[in-house]
Amino acid sequence: MADKPRKYSKTDLHFICDETQCLLSDDLIEPSNSQWRAHALVVKEQSGKRHMVIDYSRTINWFTQLDTYMLHHIDEIVNELARYRVFTTADLKSAYHQLELNPHNREFTVFQSGNALYHWRRLPFGLTNAVPDFQQTIDYIVRENDLKWCYPYLDDRMIAIANQVERHRNLQAF
């Protein structure tokens, strides 16, 4: 399924092509010949910083069955954290890109940049189930490594510490 072509300003088109080159050089995407095609968009923060996002709302997200994995309730995390005195936060950089995308599903993540098509090798943000898939993976890592003082919420981690003596040990384990 291919979304109909979009028009871009020269500035946005140049930005999308530059971002695509960065993704290629980081080995996050690769050229594709899939029959699917979503489009890149440029979104701007209030600070003026720009980001390239892929609009899957008219392609694969339309056909995706929702993952039922439950996200944590932020109020429960806050109540747990209230027991501690010292905290360290970690925002995982390009968190979703740390997870490899199943090779059989890559063709559905195709997007157009300039006159070429690319698909993701790593989990992109914007897919319907990216958030629950990522949360489930992080919860598994926390559980398997017995990180009882680590409270993951999406791509942010709150590492709770009862005192400064525990700080180094917990950060090393994390």
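**Note on the predicted chain**

1. His97 sits in a loop, with strand 4 (86-91) on one side and strand 5 (111-113) on the other. Residues are numbered from 1 along each chain as its sequence is written, and side-chain values use heavy atoms, with hydrogens and water left out.

2. What does His97 touch, not counting residues up to four places away in sequence? Its partners are Leu23, Leu28, Trp120, Arg122, Leu123 and Pro124. A contact means heavy atoms within 4.5 Å. Pro124 is 27 residues from His97 along the chain, with 6.2 Å between their C-alpha atoms.

3. Now the overall layout. The chain has five helices and eight strands. Their order from the N terminus is α-β-β-β-α-α-β-β-β-α-β-β-α. The C-alpha atoms fill a box of roughly 55 × 35 × 30 Å along the principal axes. Among contacts with a separation of 6 or more, 68% join residues 24 or more positions apart.

4. Next, the surface. The chain exposes about 11300 Å², and carbon and sulfur atoms supply 51% of that area. Areas come from the Shrake-Rupley method with a 1.4 Å probe; for residues, only the protein chains shown count as cover. Of the 174 residues, 36% are buried. Buried means under 20% relative accessible area, exposed means over 50%, and partly exposed is in between.

5. Ser113 belongs to strand 5. Is Ser113 buried or exposed? It counts as buried, because its relative accessibility is 5%. Leaving aside neighbours within four places in sequence, Ser113 contacts Ile16, Cys17, Thr20 and Tyr118.

6. Cysteines deserve a check. A disulfide is a covalent bond between the sulfur atoms of two cysteines. The rule used here asks for a pair of cysteine sulfur atoms within 2.5 Å. By this rule there are zero disulfides. Cys17 is in none, and the nearest cysteine sulfur, that of Cys22, is 12 Å away. Cys17 counts as partly exposed because its relative accessibility is 26%. Cys22 is also partly exposed, at 42%.

Conventions:
This is a predicted model: local features need pLDDT of at least 70, side-chain atom pairs count only at pLDDT 80 or more; totals for chains, interfaces and linings use all residues. Buried means under 20% relative accessible area, exposed over 50%, partly exposed in between (1.4 Å probe, protein chains only). Helices (H or I, at least four residues) and strands (E, at least two) are DSSP runs, numbered from the N terminus.
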